[in-house]
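This report describes how one protein model is put together.

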Amino acid sequence: MSSFLERHPSWSVCSGIQASKVYLYRAWGKVRNLEQNIEHLSSIINEIRNDFIPAEGPQITEESATKLLSFLDRYYDFSSNTLSGNHMFVLLPGCGHRVFDAFCRPYTNADHFSFCDIFMPRAVKDIKTPPECILLHELGHVLNVRLTGDIEVPSASFQKFNELILSPEDCQAVMQEPTEMYAHVFAMAVLTALGRTKPCYPQTRKSKSL
Ligand SMILES: [Zn+2]
């Protein structure tokens with residue numbers, strides 16, 4: 001673990017077998033009681049058996065993900081503003097996921113601070129959206145978790161923003177999946193800053209806390 005943390009103080013991008021090891025470490029780390037430990041390990045095994053499948057679809061590279069995160073740190077101080085000392089892993093396992101092409105897993109530390117890891121397996125459903133756009137979308141979820149502590153709950157300011165710029169009908173439609181829209185808007189804003197003239201719309205399904 002220390003070798004990962006030496007790379008960057010706030011985040012690490014891991015692929016292949018390293019990603020699998022960190023996945024187990026993060027999922028398993030907080031259980032101490034023996035019975036709970038056995039139960040928890042069983043649930044992790046079941047999750048791996050049920051949810052992860054062989055796949056050959058596109059996947060972001062470690063280099064590209066690192067480049068994006070470095071850009072966000074340089075221009076927005078993203079790590080300091082969003083992670084506040086907690087370490088985020090971006091995991092790129094060499095397989096696919098039965099339900100999600102990408103998802104966030106939120107954690108709460110001892111100080112009740114919420115942060116996330118991002119999982120980006122090989123794409124199974126949406127093989128057209130550039131994986132960099134999908135990573136930006138997930139980082140939008142990470143920022144949302146920082147603001148509200150809950151991946152499903154939007155910030156009050158985002159709700160107010162939509163009320164100000166949208167018709168009541170459009171606002172109602174957006175607020176049916178507000179955190180998905182928040183993540184889209186975040187990705188579009190960063191793509192604009194990067195000079196992309198045509199923002200893309202990741203078609204990943206709703207992220208969730210597992
Ligand atoms: Zn999403």
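## Core, sheet and helices

The largest nonpolar core holds 38 residues, and those with the most contacts inside it are Val 90, Leu 91, Leu 92, Ile 118, Met 120, Leu 135 and Val 142. A nonpolar core here is a set of buried Ala, Val, Leu, Ile, Met, Phe, Trp, Tyr and Cys residues joined through C-beta atoms within 7 Å. A residue is buried if 20 or more other C-beta atoms lie within 10 Å of its own, exposed if 12 or fewer, and partly exposed in between, with C-beta atoms placed from the backbone. At least two residues of this core come from each of β1 (11–15), α2 (16–28), α4 (62–76), β3 (88–92), β5 (103–108), β6 (114–119), α6 (131–148) and α9 (178–193). The largest share, eight residues, is supplied by α6.

The model is predicted: local features need pLDDT of at least 70, side-chain atom pairs count only at pLDDT 80 or more, and totals for chains, interfaces and linings use all residues. Residues are numbered from 1 along each chain as its sequence is written.

The protein has nine helices and six strands. Helices (H or I, at least four residues) and strands (E, at least two) are DSSP runs, numbered from the N terminus. Of the 210 residues of the protein, 32% count as buried. Two residues are in contact if their C-beta atoms, placed from the backbone, lie within 7 Å. Among contacts between residues at least 6 apart in sequence, 76% join residues at least 24 apart. Leu 135 touches Ile 60, Ala 65, Leu 68 and Met 120, leaving aside residues up to four places away in sequence.

### The sheet

Four strands form an open sheet in the order β1-β3-β6-β5, with mixed pairing. β1 and β5 stand at the edges with a single partner strand each, so one side of each has no neighbour in the sheet. Neighbouring strands of this sheet are turned by 20° against each other on average, direction ignored. Two strands count as paired if DSSP finds at least two bridges between them.

β1 and β3 pair in the parallel sense over five bridges, and Cys 14 stands opposite Leu 91 in β3. β3 and β6 also pair in the parallel sense, over two bridges. Leu 91 stands opposite Phe 119 in β6.

How many of the five residues of β3 are buried? Five of the five are, so β3 is largely enclosed by the rest of the structure. Met 88, Val 90 and Leu 92 point one way from β3, while Phe 89 and Leu 91 point the other way.

### Helix packing

α6 lies across β3, β5 and β6, and runs at about 165° to β6. Axes are lines fitted to C-alpha atoms, for helices over the stretch in contact, and angles run from 0 to 180 degrees between N-to-C directions. Two helix pairs are set out below.

| Helix pair | Angle between axes | Axis distance |
|---|---|---|
| α6 and α9 | roughly 120° | within 7 Å |
| α2 and α3 (residues 34–51) | about 140° | 10 Å |

Angles under 35 degrees count as roughly parallel, over 145 as roughly antiparallel, 65 to 115 as roughly perpendicular and the rest as oblique. α2 and α3 are therefore oblique to each other. Their crossing is right-handed; a crossing is left-handed if the near helix is turned anticlockwise from the far one by less than a right angle, and right-handed if clockwise. The contact is made by Leu 24, Ala 27 and Trp 28 of α2 with His 40, Leu 41 and Ile 44 of α3.

The crossing of α6 and α9 is right-handed. Residues making this contact include Cys 133, Leu 136 and Leu 143 of α6, and Tyr 182, Phe 186 and Val 190 of α9.

### Two loop residues

Most residues other than glycine have a negative phi. Asp 77 is not a glycine, yet has a positive phi of about 50°. Asp 77 lies in the loop between α4 and α5 (78–82) and counts as exposed, with 10 C-beta neighbours inside 10 Å.

Ser 84 also has a positive phi, near 45°. Ser 84 sits in the loop between α5 and β3. With 13 other C-beta atoms within 10 Å, Ser 84 is partly exposed.
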